[in-house]
Amino acid sequence: MSTHHHPSMALHPAMRQLLDRIHRAGHPPMQAMTVAMARAFYEAGAPLLDVPPPQIKRTESVRLKLSDGLELPARLYADQTQAGLPVLVYFHGGGFTIGSPATHDVLCRHLARL
């Protein structure tokens with residue numbers, strides 16, 4: 001006989017508490033919001049989850065030109081100065097609609113440090 005547990009039971013208690021607080025706040029799910037509402041909701045909430053940003057040697061805002069002529073905002077993070085370093089390209093998800101380089105700044109700084 002197997003025992004079935006709710007998936008949230010596998011979460012760290014602090015994350016489970018956070019998800020419970022979000023649920024109790026009564027906000028509609030993001031998929032039920034307009035794009036503008038979801039973007040504003042995400043951008044307002046993202047800093048609440050962040051830890052202090054680590055200092056790194058270099059950050060630079062750039063624009064990536066796509067083959068159709070459109071440009072995407074991006075940010076370069078480097079914690080070392082020598083040439084030929086390994087590169088990680090991090091796409092945060094959100095369908096190029098929700099989130100931005102600013103909402104993922106702390107995470108990217110940590111990745112650059114690693």
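The lining of the second largest pocket in this predicted model divides into 15 nonpolar, four polar and two charged residues. The space in this pocket amounts to about 620 Å³. It is lined by 21 residues, and those closest to the pocket centre are Ile-22, Phe-41, Gly-45, Ala-46 and Leu-49. The largest share comes from α2, which provides seven residues.

The largest pocket holds about 1200 Å³ of space. Its lining consists of 40 residues, with Arg-75, Leu-76, Tyr-77, Leu-88 and Tyr-90 lying nearest the centre. By residue class, the lining of the largest pocket comprises 22 nonpolar, eleven polar and seven charged residues.

Both helices and strands take part in the lining of the largest pocket: at least two residues each are supplied by the helices α2 (35-49) and α3 (105-113) and by the strands β1 (58-65) and β2 (71-78). The greatest contribution is that of β2, with seven residues.

How values were computed. Residues numbered from 1 in each chain as written. Predicted model: local features only at pLDDT ≥ 70, side-chain atom pairs only at ≥ 80, totals over all residues. Heavy atoms only, no water. 1 Å grid on protein atoms, 1.4 Å probe; cavity = no way out; pocket = protein on both sides within 12 Å on 5 of 7 lines; lining within 4 Å. Points joined across faces, edges and corners; volume = space filled by probe spheres on them. Helix = DSSP H or I, 4+ residues; strand = E, 2+ residues; numbered from the N terminus. Nonpolar A, V, L, I, M, F, W, Y, C, P; charged D, E, K, R; others polar.
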